[in-house]
Amino acid sequence: MLRAGARFCQSARAASASRFVGSKADAAFPLVDPLPNTVQVGLETPPTQRQLVEFTNGIFVGATTSSAPTATVNIVVRAGSRYESSDEVGISHYLRRLAYKSTDKHTAVYMTCVPQWYGMKLSCTGTRDSIIYSGTCLKDDVDYLLDVMCQTVTAPKMYNWEVRYTPYLHERHTPRLEDAYKRVTEDTNSLALDRTIRLMDTIQNTAFRGGLGQSPYCPAHRVGGINEDACVAFHKRRYVGANMGVFAAGVHPDDLVTAVTRHGLYNVPKGEPVSAQAEGVSKYCSANAEIRHEGNESTVIAALVGQGVGLTSDQHVSSLLLQRILGSEAPMESGYNLTRLQSAAEKASAGRPTSAQSFNFNYSDNGLFGVQVEAQRDDARNVVKAVAGEFTRASAGITEKELTAAKVQLVADLLIAQETQAGVLEDMAYQCLYRGGKYLVPEKVAERVEAVTLKEVKEFAQTVLKSKIILGQSGDLRNAVHIDELGL
């Protein structure tokens with residue numbers, strides 16, 4: 001009886017499998033039979049419309065349509081931490097935390113209730129280059145979204161009790177108090193707990209003198225020492241049309257221009273555009289350096305960093321290709337699809353858990369390129385040495401096969417990013433604000449990737465190695481390597 005049942009199950013599985021792979025008997029029949037008394041209607045996706053406009057006050061406005069039911073809007077302001085003076089350190093962090101609070105037109109209650117009522121998703125993030133205000137909502141509610149976002153960008157109130165530490169208020173209203181001081185304090189405490197971010201932040205502070213060396217996080221000694229007058233002055237000087245762009249996905253370009261004009265961005269003064277040469281100087285340091293964050297953790301995080309390139313550099317594409325050749329992501333499983341760096345790390349650790357990958361930080365005019373390693377404290381010395389040696393060998397030993405695979409991967413990453421609203425908006429913002437409005441469609445970018453030669457990638461790799469290398473390590477460093485032992 002059991003054998004008969006087993007034979008029945010096997011025959012049933014075989015029949016099912018043959019139907020789905022398409023045997024000769026049923027090759028003419030569709031996999032899904034249509035319902036009776038229904039009309040088959042083909043789904044047609046309307047063509048995407050993309051348009052970029054520059055207002056007379058310097059603001060770039062870009063929009064692209066999509067078939068998604070939601071729309072996303074980003075307002076990007078070139079007011080990142082690199083543009084803070086010595087007296088303004090930490091202000092960009094405060095401005096991010098003051099987003100979507102009281103404005104000249106709306107109260108904080110309105111700025112909270114309206115987004116909740118319409119199901120909006122609001123955020124404000126920042127880099128060393130820019131502050132990005134982002135919002136997502138249903139397409140029919142874009143006008144309300146732009147009202148909230150434009151108000152918080154152009155006309156924030158920045159009350160004293162939202163900016164400064166007030167003992168009287170904190171003693172009596174701490175459970176309800178959600179001001180910038182409290183949020184900045186929480187961010188600073190979180191930074192102290194995250195070893196990787198803290199190490200990379202210190203490395204960038206060492207690599208650059210001012211400008212890009214200034215952290216997007218407010219220093220601990222400055223928390224509570226920034227007043228509303230300083231925030232207002234920084235906002236007035238940096239939040240001008242020449243430093244700003246509005247980009248939307250899922251909105252018709254004409255509708256976006258009309259809405260942006262109606263909500264006041266058209267009246268923002270043009271001002272003076274920020275200059276990375278005159279302000280936010282980003283000169284790379286000219287000496288080898290070693291950073292050590294001592295701790296008692298069982299793993300060691302290490303990073304070898306050299307000078308990279310900016311977004312407008314001719315070597316930008318070469319840096320992206322080298323990153324993929326070395327390996328930009330750790331493999332999901334040990335021994336599976338190992339990259340150059342990961343393979344060297346696993347051999348040095350004798351199979352014990354470890355990871356090694358490259359990273360590439362590109363800013364408007366400069367950048368950092370390097371490798372990051374995490375290993376057990378007893379293996380850290382050998383792993384870092386092995387990865388550093390592989391990085392050196394790769395600069396001269398890249399093959400055409402590796403370059404071809406990296407090009408395929410990079411083009412795929414670029415095209416896949418264009419399928420998401422976040423990817424489209426990021427691409428539009430960086431091309432408009434850092435390339436002077438010279439926008440390249442994804443197909444043209446793919447052609448530039450294909451045009452890069454093996455010689456150009458090797459030249460970029462040599463440029464990184466010739467720059468002064470910074471070694472940063474965090475964890476139990478009793479068995480850690482020193483930079484003079486790497487032979488770089």
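In this predicted model, the buried residues of helix α11 are His316, Val317, Ser318, Ser319, Leu320, Leu321, Leu322, Gln323, Arg324, Ile325 and Leu326. The helix spans residues 316-326, and eleven of its eleven residues are buried. α11 is thus described as mostly covered. Just after the helix comes Gly327, with a positive phi of about 115°.

One partner of α11 is helix α17, residues 454-466. The two helices pack with their axes 9 Å apart and at an angle of about 85°. Angles of 65 to 115 degrees count as roughly perpendicular, and α11 and α17 are therefore roughly perpendicular to each other. On the α11 side, the contact is made by Ser318, Ser319, Leu321, Leu322 and Ile325. These meet Glu456, Val457, Phe460 and Ala461 in α17. Six residues of this contact are nonpolar, two are polar and one is charged. The α11 residues Ser318, Leu321, Leu322 and Ile325 belong to this contact. An α-helix has 3.6 residues a turn, so residues three or four places apart point the same way.

Aromatic pairs were examined next. A search of the whole structure finds nine of them. Buried means under 20% relative accessible area. Tyr100 has a relative accessibility of 12% and therefore counts as buried. Tyr133, at 2%, also counts as buried. Tyr100 and Tyr133 form one aromatic cluster with Tyr239.

Phe208 and Tyr284 form another edge-to-face pair, with 6.0 Å from centre to centre and 80° between the planes. Phe208 lies in the loop between α8 (195-207) and α9 (228-238). Tyr284 lies in the loop between α10 (253-262) and β7 (289-294). The pair therefore ties together parts that are 76 residues apart in sequence. Phe208 counts as buried because its relative accessibility is 1%. Tyr284 counts as buried at 9% relative accessibility.

Strand β7 also takes part in an open sheet of five strands. The strand order is β7-β11-β8-β10-β9, and the pairing is mixed. β7 and β9 (354-362) are the edge strands, each pairing on one side only. From one strand to the next, the twist averages 15°. β7 and strand β11, residues 470-475, run parallel and are joined by six bridges. Within β11, Gly475 is the bridge partner of Glu294.

Two helices are described against these strands. α8 packs on the sheet and touches β7, β8 (299-307), β9, β10 (367-376) and β11. The direction of α8 makes about 155° with that of β11. Helix α12, residues 340-348, lies across β9 and β10. α12 runs at about 145° to β9.

Conventions:
Residues numbered from 1 in each chain as written. Predicted model: local features only at pLDDT ≥ 70, side-chain atom pairs only at ≥ 80, totals over all residues. Heavy atoms only, no water. Buried < 20%, exposed > 50% of the residue type's maximum accessible area, 1.4 Å probe, protein only. Helix = DSSP H or I, 4+ residues; strand = E, 2+ residues; numbered from the N terminus. Axes fitted to C-alpha atoms, helices over the stretch in contact; angles between N-to-C directions. Parallel < 35°, antiparallel > 145°, perpendicular 65-115°, else oblique. Contact = heavy atoms within 4.5 Å. Nonpolar A, V, L, I, M, F, W, Y, C, P; charged D, E, K, R; others polar. Phe/Tyr/Trp six-rings, centres within 6.5 Å; stacked < 30°, edge-to-face > 60°. Pairing = 2+ DSSP bridges.
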